Each structure stands twice: as structure tokens, then as C-alpha cells.
Amino acid sequence: MELLFPLLLPCFLFSTFIGSCAFVSLEDNSKFPRNFLFGTASSSYQFEGAFLSDGKGLSNWDVFTHKTGTILDGTNGDVAVDHYHRYQEDVDLMKDIGVNSYRLSLSWARILPKGRFGNVNKAGIAYYNRLINALVNRGIEPFVTITHYDIPQELENRYKSWLSSEIQEDFKYYADICFKYFGDRVKYWVTFNEPNVAVICGYRTGVYPPSRCSGSFGNCSYGDSEREPFIAASNIILSHMAAVDVYRTKYQKNQGGKIGIAMNAVWFEPFSNSSEDKLGAERAQSFYMNWFLDPIILGKYPAEMHQILGAELLAFSKYDSEKLKNGLDFIGINHYTSYYAKDCIFSSCEEGKGSSKTEGFALTSAQMNGLTIGEPSALAWLYVHPQGMEKIVTYIKDRYNNIAMFITENGFGTSENSYPTTKDALNDVKRVEYLNGYLDSLAAAIRKGADVRGYFVWSLLDNFEWKHGYSIRFGLHHVDFASLNRTPRMSAFWYKNVIEEHKSQAGNRNGHTQER
Ligand code: PNW
């Protein structure tokens with residue numbers, strides 16, 4: 001937190017002379033804008049359970065986890081943390097922490113068990129109404145993701161889901177229903193969670209459903225790792241566009257909400273100061289995050305992608321490009337980790353992950369030539385590098401003209417095995433250090449002008465962590481997976497303090513603060 005002081009000083013001097021500061025008034029020492037959303041995040045498949053209750057259809061994740069060998073600890077989300085039945089208790093836990101927002105996702109198969117080929121499941125709508133009302137009644141803003149990886153299996157069976165342009169029609173139909181039933185109370189919509197991860201894991205490495213990949217990219221029975229990710233991505237981008245179009249033309253004026261997308265955002269640090277590695281890091285970003293954000297905001301894929309992939313990229317038609325521009329109201333950023341990036345065009349890289357044409361001929365890794373970017377964690381992909389938060393937010397701010405941003409996820413995973421007893425598991429010092437460091441780094445970006453309007457910790461509770469099942473825990477609350485009892489960890493108390501501190505500082509302001 002001390003880190004901020006040197007950053008505040010010039011602004012303070014400046015404001016003394018001309019009366020106000022460019023970004024946030026610093027008469028107070030508040031680190032975040034007054035109406036900042038502090039929340040926790042979750043997703044339907046990882047939290048709800050009740051996988052066949054009250055008319056819900058099967059999702060792609062239900063089917064995938066029921067196959068042997070797909071999930072490392074052999075578990076599935078049939079029960080998960082039973083949020084479906086315990087949401088009221090969970091809203092109480094949020095209230096105890098003092099959050100003013102909750103990021104949740106809707107299960108498409110709970111609302112439309114067979115996509116647009118069947119009826120709306122009224123019991124599914126009723127469940128989300130109960131949950132949304134419980135939140136709103138307690139002053140907690142629902143921040144709703146329409147799809148967080150799970151889709152009706154029906155769409156996979158009928159036409160191979162994201163590989164077919166038919167899905168655009170289905171997604172549009174589903175999004176329309178969400179706006180219609182919940183839009184009177186939901187003011188923040190996220191169309192997709194991490195489409196870049198969904199596409200890479202589903203169609204390049206094949207470790208998520210529909211388990212498609214080829215060659216050295218993974219071990220799948222079918223797929224084409226060099227082509228299919230780009231087909232799936234283009235259908236997701238056009239589906240996003242279709243949903244935004246429906247929201248803007250039919251609902252936004254009356255309902256007054258905002259709509260965006262949440263990307264997995266890794267900071268790629270050039271491995272050396274050479275211009276080749278800097279360009280390599282730039283390409284890594286283009287092939288990972290800008291791949292989706294550029295078309296949605298700027299109307300076209302990054303130039304590097306066109307140069308390297310040519311026709312395989314499936315460029316958008318002129319009509320779609322025009323429609324795509326300015327296709328969101330805010331950018332959701334899921335940020336956890338940073339990697340080094342190294343050029344593989346001018347220098348030779350080892351064959352394998354990260355260095356292929358499909359990844360822009362850039363090698364990305366947390367460890368390079370004996371250097372590690374930060375402290376490792378229980379997860380092979382997560383390294384602690386708090387500076388990355390300020391850097392990625394600043395990068396997005398500069399590239400997309402400081403469009404409104406939300407940190408839709410940030411969190412730290414621990415392994416069940418690292419704690420011998422539950423008591424130890426509650427004493428999550430490492431998580432507190434991680435979150436504290438990343439939040440400080442975010443505050444620095446905001447002080448320098450980034451328009452970030454909220455921050456969500458992943459996650460409120462331990463939950464079903466995809467490939468890792470229940471062996472990796474991300475919760476501010478520990479969950480005993482046998483009894484499903486929830487117990488707050490040290491990090492829950494830390495977060496409560498952060499929010500209280502913010503409230504008292506924001507409350508002490510004397511009117512010089514710029515409203516956001
Ligand atoms: C996110 N990476 O996934 C998801 O949105 C959550 O559902 C998930 O539980 C959470 O993060 C923790 O894993 C990620 O490679 C997938 O940097 C990949 C990465 C980060 C997050």
C-alpha cells in the first residue's frame with residue numbers, strides 16, 4: 001500500500017494549485033473510485049450442483065465430467081457446492097464480507113435444456129429469480145455472465161456447437177431470454193467468460209469439452225488444432241455481437257444496463273529488451289486476448305494474425321466488421337498470472353507449446369533460461385507477479401482508448417494437500433499476500449488514469465475447479481466437501497477490511513472527487 005504514496009504526491013501538488021486532480025481527487029487517500037464494485041465471483045457449473053433438478057438439461061460439462069479420465073481426481077459438478085439450494089446462506093456470507101456485487105453465471109441448459117429446440121424451463125428461470133432477488137434485496141448488484149463454459153449438450157450433438165455458425169442463432173435466442181426475464185434487475189451483463197480459454201482448451205489442446213485437438217497439441221480422437229480454434233472463435237465473436245445487438249436494440253434503453261465480455265488476460269513480459277522479444281510479446285498478446293477484443297472493439301483481427309495466418313483466420317465480411325465495432329460497453333478482465341514471452345521468428349525456439357504459427361511464433365512461459373517470473377503456486381499455470389496487474393490494465397487502457405474495465409476475476413489457488421488440517425486451511429496467508437499485492441497494483445493503474453470500475457475475487461467459496469476437480473481451492477471460504485459447510489478464511493476477513501477501509505475513506509470525501 002505504501003507504493004501509492006509517490007504516485008499520489010504529484011497529483012496532490014497539482015490539485016493544490018488548480019483545485020482538482022486529473023483523475024481521482026487525492027485530498028482523501030482513497031485508492032478506488034467512490035462507486036467501485038467490490039465483489040466475489042462464481043460460475044454455474046462450478047457452484048450450483050443440482051445437475052438434473054427441476055427440468056435442467058445436460059450440459060457439455062455434465063457429459064464431459066462423467067467420462068472416466070477427464071477430471072484429475074475423478075469427480076464432477078453433480079453436487080458441486082450446492083449453491084442451487086444454499087444460495088441464501090451464500091448471500092448471507094457475502095453480506096458478512098460487505099461486498100456490493102456478486103458475479104454469477106447462468107446455466108444455459110437450466111434455462112433452455114435443449115437450446116432453441118425446446119421450451120424455456122420455468123423452474124430454471126424461477127431459481128435465478130430467487131437468487132437475483134436475494135441479492136438485490138440485500139443491496140448486492142448482480143453481475144451476470146450469460147455463458148461460463150457450460151452449454152446445452154444438445155447443441156454439441158446437433159451441429160457441433162461452436163464449430164457451426166448455427167450457434168449464433170441459438171446464443172442470440174438464449175441471450176434475449178436472459179435480458180427479458182432478468183434485465184429489469186441485472187444492470188451488468190457479460191456475454192462470455194474467457195472465450196480464449198474455452199477455445200484453446202476445447203479445440204487446440206482438447207483438455208475441455210468438446211475434447212478436440214490434433215497432432216502434438218494433445219491427445220484427442222478428432223479435431224484440428226491449427227484450424228478449429230479460429231472457427232470456434234469467429235462463431236463466438238459473432239454470437240457476442242448478435243447478443244449485444246439484441247440488448248442494444250430491444251432492451252438497453254428501458255433497462256439501462258451495460259454489456260461486455262470477460263477475457264482471460266495474461267501479462268506477457270518480453271523476455272529481453274531486444275526489439276524481437278518485444279514484438280514477440282506483442283504477438284503473444286494478439287494471439288491470446290486481442291484475438292477477441294480487437295474484432296469486438298475495432299472491427300478487425302490484429303494485423304499480426306492476418307499476416308501469419310492468412311486465410312485460415314476466416315476474416316470477417318465487410319458487413320460484420322462494421323457491425324462489430326464498439327461491440328461492448330466494458331471489458332471484463334480475468335487476471336491471475338504473467339509469463340515471459342520470447343520471439344520465435346528471428347531466433348529458434350524449441351518445438352512445442354507456445355511457439356507454433358497458431359500462437360504467433362512466440363514462446364510463452366513462466367520459466368525461461370533459469371529465470372522464473374514469480375513465486376509458483378499449486379497450479380502449474382499460476383505464478384505470483386503482482387506487477388502484471390498494473391501492466392495488463394494499462395496495456396488494455398492504451399490499446400482500447402480507456403474503455404470502462406472491471407477486474408472480473410483475480411484469485412489464488414491452493415492445493416488440498418498443502419494443508420494438513422482444516423484449521424491450517426483457514427489460515428490462508430499466501431492468498432492474502434497474493435490478493436493484497438494484486439489489489440495494490442490495480443490501485444496504481446487507477447491512480448494513473450485507468451477507468452477500472454470494479455474488482456471481483458475468484459472465488460466466494462472453494463468449488464469445482466474444472467480439470468482439477470475439488471483438489472484445488474480458490475475460496476475466501478473453505479468448503480468441507482463432505483458436509484458442504486462453509487467457513488470463512490483469513491482472506492475473507494482481509495477482504496472485509498479492505499471494503500470497510502474503502503467505505504470509510506470514500507465516505508470521508510468532501511466533494512472534490514470525480515464521479516465515475
Ligand atoms: C478462470 N490461465 O480460468 C475461470 O474463469 C474460472 O472458472 C476458474 O475457476 C478460475 O479462473 C481459476 O482457474 C482460468 O491460464 C483459466 O491464466 C486459465 C488461466 C486463468 C484462469
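Modeller: Start with the salt bridge: a side-chain nitrogen of Lys or Arg within 4 Å of a carboxyl oxygen of Asp or Glu. Side chains of opposite charge can pair when their charged atoms come close. Before the cases, note that this is a predicted model, in which local features need pLDDT of at least 70 and side-chain atom pairs count only at pLDDT 80 or more, while totals for chains, interfaces and linings use all residues. Residues are numbered from 1 along each chain as its sequence is written, and side-chain values use heavy atoms, with hydrogens and water left out.

Colleague: How many salt bridges does the structure hold?

Modeller: There are 31. In one of them, the side chains of Arg-486 and Asp-90 meet at 2.8 Å, N to O. Arg-486 lies in strand β19 (residues 486-488) and Asp-90 in helix α4 (residues 83-97), so this pair ties together parts that are 396 residues apart in sequence. Helices (H or I, at least four residues) and strands (E, at least two) are DSSP runs, numbered from the N terminus.

Colleague: Are Arg-486 and Asp-90 buried or exposed?

Modeller: Buried means under 20% relative accessible area, exposed over 50%, and partly exposed in between (1.4 Å probe, protein chains only). Arg-486 has 9% and is buried; Asp-90, at 0%, is buried too.

Colleague: Which residue forms a salt bridge with Asp-170?

Modeller: Arg-116, with the closest N and O atoms 3.0 Å apart. Asp-170 sits in helix α8 (residues 166-182) and Arg-116 in the loop between α5 (108-111) and α6 (122-137), so parts 54 residues apart in sequence are tied together. Asp-170 is buried at 1%, whereas Arg-116 is partly exposed at 26%. Salt bridges can also form a network, as with Lys-114, Glu-154 and Arg-158.

Colleague: What does Arg-489 pair with?

Modeller: Its salt-bridge partner is Asp-462, at 2.8 Å between the closest N and O atoms. Arg-489 is in the loop between β19 and α17 (490-507) and Asp-462 in the loop between β16 and β17 (472-473), 27 residues apart. Arg-489 is buried at 1%, and Asp-462 is buried at 0%.

Colleague: Where does His-477 lie, and what does its side chain reach?

Modeller: His-477 lies in strand β18 (residues 477-479) and is buried, with 2% relative accessibility. A polar contact is a pair of N or O atoms within 3.5 Å; within protein, one must be able to donate a hydrogen and the other to accept it, and residues adjacent in sequence count only if both atoms are side-chain atoms. The His-477 side chain reaches the backbone oxygen of Leu-460 at 2.9 Å. Contact, by contrast, means heavy atoms within 4.5 Å. Leaving aside neighbours within four places in sequence, the contacts of His-477 include Asp-462 and Arg-489.

Colleague: Which strands pair with β16?

Modeller: Two strands pair if DSSP finds at least two bridges between them. Strand β1 (residues 37-41) runs parallel to β16 and is joined to it by 4 bridges, with Leu-37 opposite Gly-454. Strand β14 (residues 405-410) pairs with β16 in the parallel sense over 3 bridges, and there Ile-407 has Tyr-455 as its bridge partner. Of the 6 residues in β16 (residues 452-457), 5 are buried.

Colleague: Where does UniProt place the feature "active site"?

Modeller: The unreviewed entry places it at Glu-409; UniProt positions are given in the numbering used here, feature names are shortened, and annotations may be inferred rather than shown by experiment. Glu-409 is in strand β14 and is buried at 4%. Its side chain makes a polar contact with that of Arg-103 at 3.0 Å.
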